[in-house]
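Colleague: Could you take me through this model and tell me what stands behind the terms you use?
Modeller: Gladly; here it is.

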Amino acid sequence: MAQKKSIYIGIIMNMSKFTKNKLAYHHKNLKESLVETAFEIVDKEGLKVLTLRELSIRLNISRSAIYRHYDNKEALILDVMDKGYKQLNLVLAPILQDKTHSIAKRFEMMLGEYLNIAMEQPNLYRLLFGNKYHKEYEKSHGHKDENHLMGLHPLISLLVDAQETEGIVLENPMLQLTIIWASVHGLALFLVDGNLLIKSNKEAINEYLKNVLLKVLKGL
């Protein structure tokens with residue numbers, strides 16, 4: 001009899017725990033939890049692993065709970081992208097705005113960090129800079145604020161300062177930024193795709209790219 005009572009108590013406690021877990025996600029934090037978990041799945045396991053069914057299993061919630069916030073997986077992915085862009089901005093912006101370093105040094109540090117992110121988080125990088133969801137992202141999130149621009153606003157400010165103090169050619173900074181970003185992005189894609197020649201010479205290539213870009217910007 002005592003054994004049966006113990007079993008019943010265990011069942012009740014497990015049911016209570018399950019109910020509390022379910023109730024926890026009926027509050028405002030469900031949407032945040034969905035984005036956070038989806039972000040982790042994409043980052044660590046890849047976009048193909050991300051499904052609404054997988055999310056419901058990992059968060060111990062029903063599919064209908066997810067549909068209260070997102071009509072489909074694509075809508076959730078757009079918020080994952082937004083989170084990714086903001087995280088990039090949190091890394092890159094302070095480097096570019098750190099006036100304890102010279103403009104050339106900040107530029108070098110930014111290039112190195114950008115490439116490190118591409119190497120260390122290739123799944124996320126492919127999502128953020130692939131073409132599949134960009135059009136929809138621009139429609140839904142657009143340019144609400146500068147946080148989704150991956151440090152590009154601080155980079156423009158850095159280029160403007162460099163024009164005034166470092167002998168950078170007086171040119172439209174957006175054009176200069178495009179050349180910089182295209183060059184760094186191309187190198188980052190080589191790293192993401194596992195090009196061994198690039199990967200084994202990353203530091204030297206990064207240094208060379210920095211010097212080439214600075215010469216171009218100075219019109220040399």
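**Burial, helices and core**

Modeller: Buried residues make up 38% of the protein's 220 residues. The model is predicted, so local features need pLDDT of at least 70 and side-chain atom pairs pLDDT 80 or more, while totals for chains, interfaces and linings use all residues. Numbering runs from 1 along each chain as its sequence is written, and side-chain values use heavy atoms, without hydrogens or water.

Colleague: What makes a residue of α6 "buried"?
Modeller: Buried means under 20% relative accessible area, with exposed over 50% and partly exposed in between (1.4 Å probe, protein chains only). In α6, residues including F107, M110 and L111 are buried, so each falls under 20%.

Colleague: How do you know that the length of α6 fits a helix?
Modeller: Helices are DSSP runs of H or I with at least four residues, strands runs of E with at least two, numbered from the N terminus. The expected span is 1.5 Å times one less than the number of residues. For the 18 residues of α6 (103-120) that gives 26 Å, and the end C-alpha atoms are 26 Å apart, so the two agree.

Colleague: How many helices and strands are there?
Modeller: There are 12 helices and zero strands.

Colleague: Why is a group of residues called a nonpolar core?
Modeller: Because its members are buried Ala, Val, Leu, Ile, Met, Phe, Trp, Tyr and Cys residues joined through side-chain atoms within 4.5 Å. The largest one has 58 residues, and L76 is among those touching the most other members. Helix α5 (73-97) contributes the most, with 10 residues.
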